[in-house]
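Subject: Structure for you to look through

Hello,

Here is the structure I said I would pass on. My notes on what was found follow below it.

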Amino acid sequence: MKNVYFVQVDISSNLGTKSAYLPYTAGILVANAWESEIVKKNCSFKEFIFLRENIDSVLERMDNPGIAAFSNYCWSTEYNKALARKIKEKYPDCITVFGGHNVPNDNSFLEQFDYIDILVHGEGEDTIKQLFEVICEGGDFSTVPNISYRNGKNECLRTESTCAKALDYPSPYLDGWFDDIIRQHPEIEFNAIIETSRGCPNQCAYCDWGLLKSKVRLFPMDRVLAEIKWFSDHKIAFVWGADANFGMFTRDLEIADAFVEAKETTGYPERVRINYAKNNFKNVFAIVKKFKECELDRVGATLSFQSLSPVVLENIGRRNSDLEFYKNLLTEYNKEGMKAYSELILGLPGETYESFIKGIGTLFEIGQHFVFEVYGCILLPNSMMGQKEYMKKHGIKTVRTEIIRRSDLSEQSIPEYNEIIVETNSMSREMWIRSMTFAQLTRAFHASGLLRAFAIYLYCEKGVPYEKFYDGIIDYFDDNPDLFTSKLFFDVRKYMKEQNDGGNTTRLTFAPCKGAIWEGSEYMVLHILEKIDRFFEDMLPYLKKFNIADDIFNDLISYQKNILRKPEEEENVITLHYDIHKFLTDVYINQIHPLERKDHTLVLRDSHPQPNWVEFGKYVIWYGKLGWASYKDDVKALPAEAAEKSDKD
């Protein structure tokens, strides 16, 4: 009997963890392989290695492994390589198998790493089953599709590529493959992954679905519904939807209803997170609304653009809908109090600094004022963009950067890396750094609300483009380097330069949050909220340059300073001469009108005040995605005379 181990570790989970993902990818491979009588007869499945444990500890408990199979993603490849190397040293006859999205579609891993014996390319269920059968019977590896291997002459060979047409694989959840994990780890709150479909109709150059060119296939509906019930029965806290385009099909509405019913019945899963379809907004809107009503999805709908430059979109093979359509859609989401966030990718070929910051300005113009993400473009080995010809054509240059976690999990942690694009024919490294710091600045000052009221007022009343307002702040900081806020910005820019250089990056921390590691925008927001008066003192000369009337200016300062949430601050009361709050809330639903003069008092309350910076960092900055949680949420306007009478009473 060959003892078999499957390795699928999550970057965020170690032995001291409070939550962890069940190893779904490894599980479905095992569940399908053990359908084979040959595998059952000749192999003994020993363990899923799913926590980022100390490698020596893992090795110590292994029992003469005959096959060790590794699922590789950007967040697990270095750990897998280190473990595979040690397994091979101690058990040289063990066959090591590497598969997953981070395994290149060639023989390079075999050529670079002599401790890896076999590579699996593409989807692995059928390939793993056939491979294990060949290993058990001493057959010929050349008969197994979708693999690379070494022959007797130590030559690296690649077999033919095939694509599975059906998804009638057994479920690792329903077949009990994770029962031992749950029983052995009562201290862990488990998360799970669900697939209701596989494949993507789009062929975006940056995505590794593109080269597969696989049709979208559906998992059987009875399996999907049974898995949702399993999640509910086993108290799975969080479910990640692995579909590329959930909401594409009408049946997805029924699946959403099943999630809602499960939560309403048992309380589980507590949350789900979905990759929504790009071209079926009616279904997506309905699903997001269902999830909002029972608080299933904290993040909401994805209105992704990746870029708003027509040149970039042509280069990456992507088409976005008309901006007016997105504007109307955002209006509907905001009217309903539903969340929608947007994504941009920096480093796509054809992007310039000017087109990038204009794209962010355009997001604000159409109504995306709250949450948007800007990701450095990761060069995935199996994407069209990752091919040598494409890279040469567009002058793509990359660096290897460490993936930074929210906290360092252990002293023996093995770093993981992404390959990110830091230069193209259209964007120099210097412009990449300025673009990324501009993104972090606007996420802090606009999406997180520090200067959002000023930016919106200047855009609506004085025609100042959003991108011009925020780009000017960068120049202001450079001209005034000794300011408290300037130094925070320089810390973020230094981090981005370190990332662009490919070296070790400085950890951005905030002492009251006890060692948590933050993104650039979060780092600035936390430090600024702690010294909010200092921040507005710093920004006063810049804001005064726009010649806002004194009474309006004073109202804007008062509103901005007091609407922001801070720990241990439940309520503020301010007197204003202009109806700034209504002006802004109307802008959020794209109803733009002149700022109205109206003497009144605003009572600004935080319905969920946090008692300290640690809780604030966790629930407002991290879980709340900040943009949706940065302002006090219970705002009431009182006539000036009513406020005065209330004070006297």
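In which loop is asparagine 154 found? Asparagine 154 sits in the loop between β7 (147-150) and β8 (156-158); helices (H or I, at least four residues) and strands (E, at least two) are DSSP runs, numbered from the N terminus.

Before the rest, two remarks on how to read this. The model is predicted, so local features need pLDDT of at least 70 and side-chain atom pairs count only at pLDDT 80 or more, while totals for chains, interfaces and linings use all residues. Residues are numbered from 1 along each chain as its sequence is written, and side-chain values use heavy atoms, with hydrogens and water left out.

Backbone

Asparagine 154 has a phi near 65°, a positive value in a residue other than glycine. With a relative accessibility of 56%, asparagine 154 counts as exposed (exposed is over 50% relative accessible area, buried under 20%, partly exposed in between, with a 1.4 Å probe and protein chains only). Glutamate 568 is not a glycine either, and its phi is positive at about 65°. Its place is the loop between α21 (550-563) and β19 (571-578), and glutamate 568 is exposed, at 65% relative accessible area. A cis peptide bond runs from tyrosine 268 to proline 269, with omega near -10°. Proline 269 belongs to the loop between α9 (251-266) and β13 (271-273).

Buried positions

In helix α1 (residues 24-33), nine of the ten residues are buried. Among them are Tyr24, Gly27, Leu29 and Asn32. Leucine 83, in helix α4 (residues 77-90), is buried with a relative accessible area of 0%. Leaving aside residues up to four places away in sequence, leucine 83 touches Val7, Ile49, Ile55, Val58 and Phe70; contact means heavy atoms within 4.5 Å. The C-alpha atoms of leucine 83 and isoleucine 55 are 6.0 Å apart, although 28 residues separate the two along the chain.

Helices α17 and α20

Helix α17 (residues 466-479) packs against helix α20 (residues 532-544) at an angle of about 125°, with the axes 11 Å apart. That makes α17 oblique to α20. Axes here are lines fitted to C-alpha atoms, for helices over the stretch in contact, and angles run from 0 to 180 degrees between N-to-C directions. Under 35 degrees counts as roughly parallel, over 145 as roughly antiparallel, 65 to 115 as roughly perpendicular and the rest as oblique. On the α17 side, Lys468, Phe469, Gly472, Ile473, Tyr476 and Phe477 meet Asp538, Met539, Pro541, Tyr542 and Leu543 of α20.

Aromatic pairs

How many aromatic pairs does the structure hold? There are 46 aromatic pairs, where rings of Phe, Tyr and Trp (its six-membered ring) pair if their centres lie within 6.5 Å, and planes under 30 degrees apart count as stacked, over 60 as edge-to-face and the rest as tilted. One of them joins phenylalanine 445 and phenylalanine 477, with ring centres 6.4 Å apart and planes at 90°, so the pair is edge-to-face. Phenylalanine 445 lies in helix α15 (residues 429-447) and phenylalanine 477 in helix α17, 32 residues apart. Both are buried. Phenylalanine 477 also pairs with phenylalanine 489, and this pair is tilted, at 5.4 Å centre to centre and 45° between the planes. Phenylalanine 489 is in helix α18 (residues 484-501), so the pair ties together parts twelve residues apart in sequence. Phenylalanine 489 is buried, with a relative accessible area of 0%.

Regards
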